[in-house]
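Hi,

Here is the structure I said I'd pass on.

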Amino acid sequence: MTVTTSGETGVRAIGSRVRKADGPALLTGRGRFLDDYTLPGTRHAVVVRSELAHARIVDVDVRAAAASPGVVLVLTGAEAAAHAGPIPHFIEPAARGGRHADVRCLATGKVVYAGEPVAAVVAGTRREAEAAAELVRVEYERLPHVLDGDVSLEPDAPRLYEEWPDNVILHNHYGTGDVDAALAEADLVVSDTIRISRTTTAPIEPRGYLASWDDLDGTLTVYGSLQNPHQLRWMLARSLGLDETAIRVITARVGGSFGLKMQGHPEETLVCLLSKLTGAPVKWIEDRRECFMAGAREQVHRFTIGAMRDGRIVAVRDRIVANAGAVSAQAGWAMPNMSATTLASGYTVPNVRAELHVVVTNKPPLNAARGFGKDSAHFVMERMVDLVARGLGADPAEVRRKNFIPPDRFPYRTATGLNIDSGDYPGLLDKALRALDYDALRARQAELRAAGRHLGIGLAFELTPESADGPGSFVSGFDVTTVRMTMTGGVTVYTGVTTPGGGNDTGIAQIVSDELGVPLSWITVVQGDTERCPSGFGNFSGRSMVVGGGSAALAARDVRAKLAIVGARMLDVPVDEVKVADGQVRATGDGRAVPVPEVAAAVLTRAFAVANDVEPVLEATRAYKPGNIDHVPDERGRIQPYPTYSNCLHAAVVEVDPETGVTKLVDFVMAHDCGVVINPALVEGQAHGAIVMGLGAALSERLTYDADGRLTSDRFKTYLMPRAGDLPTIRLEHQVTPSPFTMYGNKGAGEAGVGGAQAAVANAVEDALAPFGVTVREVPLSPPAVLALIDEARNR
């Protein structure tokens, strides 16, 4: 036994700017993504998609395609339906009071959007499959189509699903209080309409799957760029009629996701079915045009807000029409539910009433996207607050301060039922204003305005419920981790959460390092393998560090407890007089220590001696369930599905050229509070990405369609994302108000940024153009849109 007397380093991993564990591999081009996986005999698939938005399928002629060089299989919807059933929904609409529609991997009977899969070709190479796909001939009978959400609500609108009485997936009401009475007593009442255009997530790596069916033992292995491997395994078992234990899903390294790669896409089932039918591994990689079909955020809000002369907001009414496109098994249709639930954000508005219509149209389906509908609520709420400030002639910062939930009133139950855990919203506002030097900036604005230049300052608060738990769905608020130590001290962490590229594996390793008392270099984190990792729920809703980190901490503590007992015996001291840290079990009295690897070896090789009465397993599996989740409806029928609520205050400074309509971003500050920060570098990376997504949605990003429903913004030349040169240096300020309901007081940090950045820019543009009297009612604010605003104001 080796006993030393060296001191502790005392350096904690939690809170440190530890670099991403896979950073060197990514920087040197050695990161292995889905398309880097190739199995012997791999064939390639291409999907044939509908060119019509709504039509009956009369015939699919595949004879020429089947005879094309290299083709192994051409599959139609009718043939696929004989081998695969409907795809289970990620969030079942019928279980939420909505309407169900079957979704299959290939269309049968009719198509309901341009781009819907109608056939698939498998060939030896991608090029051969693409050539053959061009030869598939589909005969259609055109049907009337509808693209606009409002029009889809009209009684005579074309019906997408004949078994439905109308085109509404979900209709619901949210909120409490007497809105009518409050509006009648308000000193200021503002009514208007806001339109949020459809955008997309555009990850650097599109979706992709490689499926390999083994006919000898009847097993299926699936490699994918995806977020939820265990849920995908269940879904595939249901749709393909297989035992779940016969399927293994492995998540490759993911080059971004932002919700796009949650399961429920038809190609997931399709690629697996193609492998089973061909008896060979089959790979499908989405091209960029296909990736652009995935939409998010298309909503129209018709609102009324009432306030008193002193700036207090007393009532909000909002009628929301959310255009979900066609029904998908993915979770996108449910995002507008959170748009309504999140009103009225972090403000003490006593009377709130939101009416939501989630409607289907002949556009491609909504897909889950960063913010998950909460971003739209923030955008609309922050536009309303600015309109109140404008109507009262008040400073927008002070109207926000007047209405913020005070720090001493948490936990705070909102009118829609959310129980916000903690926060200091005035503190965030102060940090952002100081960073801007707000008073000096307002003075500078006045000087520039006198000189004919149009500088604008926009503020926006953002409250982000994170780590969701949806009863009866795979949106779960807990997760599971296994921590395993070898007799040489090496630690492997098998976690049920996955990473879409943001580095949560590094954060989990930091937690295990501190809890287990070993160096980070000893720890390896394994994610995204249904054969190796415990059954967990993957990545969504900013949950990974809250529940993945929490369960890893519990499992590490269990292993550390055994090390402490056996190490204490080896040092001949009571167990309460030792500490496990820096890879040693140390006696707190005289400083003697024994290396953790020797203690681990003793647990496993001296089980009837020094480790007697200790279960000789250096492994623990634990689940962590945070507090503040309650699915028992209160007296008003409201549940509480979120444990934590990160929050931030955005401040944007823009200069607008009224002659060209060009908006230049001059400065951007975000004061952010995600509770206790596990790794500041990871949090800041997430924040920067979300902010830029919001800035793009505010100024340039928009999915567009022609009159026949075909996507026209199908490349980066027509879907305009901001470039690095378009952006100022984004400045971040940190604030920490711990959550009382999570392991470390941490909150989610993956979703905050989109809606607040979008709203701050919209408010800044309106502020810049105040001399013209414009009102921003729609985003993105492209140069033509800005010029139209000015023309509208001049012609009033």
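Which residues are buried in H20? Bear in mind that this is a predicted model. In H20, the buried ones are Val-786, Leu-789, Ile-790 and Ala-793. They sit on the same side of the helix, because they cover an arc of only 95 degrees around its axis. What they pack against is strand E26 (644-656) and strand E27 (663-673). As for the helix itself, H20 runs over residues 783-794 and reaches 17 Å from first C-alpha to last, close to the 16 Å expected.

Most peptide bonds are trans, and most residues other than glycine have a negative phi. The bond from Val-779 to Pro-780 is cis, though, with omega near 15 degrees, and Pro-780 lies in the loop between strand E29 (778-779) and H20. Phe-410 to Pro-411 is also a cis bond, omega near -5 degrees; Pro-411 is in the loop between helix H12 (396-403) and strand E16 (412-413).

On the phi side, Asp-437 has a positive value of about 55 degrees and is found in the loop between helices H13 (425-436) and H14 (438-450). Asp-437 is partly exposed, at 47% relative accessible area. Ser-467 has a positive phi too, near 65 degrees, but Ser-467 is buried, at 1%.

Last, a sheet: three strands, open, antiparallel, in the order E4-E2-E6. E4 (110-111) and E6 (137-142) are at the edges with a single partner strand each, so one side of each has no neighbour in the sheet. Six bridges join E2 (residues 55-61) to E6, and Val-60 stands opposite Val-138 in E6.

Cheers

Notes:
Residues are numbered from 1 along each chain as its sequence is written. This is a predicted model: local features need pLDDT of at least 70, side-chain atom pairs count only at pLDDT 80 or more; totals for chains, interfaces and linings use all residues. Side-chain values use heavy atoms; hydrogens and water are left out. Two strands pair if DSSP finds at least two bridges between them. Helices (H or I, at least four residues) and strands (E, at least two) are DSSP runs, numbered from the N terminus. The expected span of a helix is 1.5 Å times one less than its number of residues. Buried means under 20% relative accessible area, exposed over 50%, partly exposed in between (1.4 Å probe, protein chains only). The arc is that of the directions from the helix axis to the C-beta atoms. Contact means heavy atoms within 4.5 Å.
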